[in-house]
Amino acid sequence: MAHENFTRVIEFILIGVSERPDLQIPLFFVFLVIYGLTVTGNLSIITLTSVDSQLQTPMYFFLRHLAIINLGNSTVIAPKMLVNFLVKKHTTSFYECATQLGMFLVFIVAEIFILAVMAYDRYVAICNPLLYMAVVSRRTCFLLVSLTYLYSLSTAIVASSSVFSMSYCSSNVINHFYCDIVPLIALSCSDTSFPETVVFVSASTNLVFSIITVVASYFNIVLSILRIRSSEGRKRAFSTCTSHMTAVSVFYGTLLFMYLQPQTNHSMGVDKMASVFYTLVIPMLNPMIYSLRNKDVKAALKRFLTNSCGSFKLM
C-alpha cells in the first residue's frame, strides 16, 4: 500500500469547468463560439494592422502584438478544453501539462507587459506629441516588444520548471480545466515552499511594475487632457486612449479580483470562472473593444473588405 501511495505521476486528469455530464455538450458549444470569435477577431486585427498603410504607427504595432498574444493565450487553453468536453477520459501527459503551463505563462506575462507598453505609448503621444515619433521610434517599438517576449519566456521557464521540479505522487487529479500553478502545487507530495516563493515573487513583481506604469501613464495623460482648453481637443485626446483604458480595466480588474480576495472567500469555483475570463473571454473581447471604439480600425476594415470584394469581382 505504501508503494502505491508513492507511485510517480506520469499523467494528470483535468476535472474541467464542470463535472456535470449534462452540461458538457452545451459548454462545448459555448466555448467553441467564444474561441471562434477570438480567432476571427484577433486574426482580423493582425491582418488589418499588417496590410493597411494607415495603421503603420506604433500604437497599432503594439495592438498587433496584443492580438498575437491574445490568440496564443486562448489557443494554448481552448483546443484541449474543447476536446475534454467530448471525451470521457480528461487526461494529459506530464510533459504536455508542463508545456501547457509554460506556454500559458509566456502569453499571460507578455500580456501584462504589452498593456504597460501600450500605456506608455499613449502617454508619449498625448503628453509629448511633438517628440512622439522620435521617442517611440520603429527601433524602440521592436526593442520594447522583443524585451517583453524575452522576459515573459524567461519568467515562464523559471516558474514552470520550479513547479514541475516537485514530486507528484499518487494523486493526479487537477481541479481545473488546464494545467495551472495553484492546483498543481496543491497536488505535490514534496516541499512546496520554493516554487510558492518563486511564483509569488514573480507574480507580485510583474503586476506591481505593470500597474505602476499604467497608473503613472494615465495619471499624466489625465493631467495633460485637463490642460487642453478646447472641449473638442480634450475629446480627441481622450478618444485615442479609451480603447486601451477599457482593455486595461477589464484585464487588471479580473486579476486583482482573483488575487486580492480574502482567503476565506477563495474557492476553486471562483478561480475557474476568473480563469475562464482572462484566458478565453478577454482575448475575445479585446478585438471588439479596439474595433468598435476605434474609427481608424473600422475605416481600415471597410477598406480591406472593399478591396477584397473588388479583387474577387475581377477574378
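Biologist: How far apart do the end C-alpha atoms of residues 27–49 lie, and how much of the span is helix?

Modeller: They're 33 Å apart, and the span is 100% helix and 0% strand. Helices here are DSSP runs of H or I with at least four residues, strands are runs of E with at least two, and both are numbered from the N terminus. Keep in mind that this is a predicted model, where local features need pLDDT of at least 70, side-chain atom pairs count only at pLDDT 80 or more, and totals for chains, interfaces and linings use all residues. Residues are numbered from 1 along each chain as its sequence is written, and side-chain values use heavy atoms, leaving out hydrogens and water.

Biologist: Which annotation covers residues 27–49?

Modeller: An unreviewed UniProt entry annotates them as "transmembrane region", along with other spans, including 101–120. Such annotations may be inferred rather than shown by experiment. Residues 101–120 are 100% helix too, with end C-alpha atoms 29 Å apart.

Biologist: Is Pro-183 buried or exposed?

Modeller: Buried means under 20% relative accessible area, exposed means over 50%, and partly exposed is in between (1.4 Å probe, protein chains only). Pro-183 has 7%, so it's buried. Pro-183 sits in helix α7, residues 181–187.

Biologist: What about Lys-235, buried or exposed?

Modeller: Lys-235 counts as exposed because its relative accessibility is 60%. It belongs to helix α9, residues 231–239.
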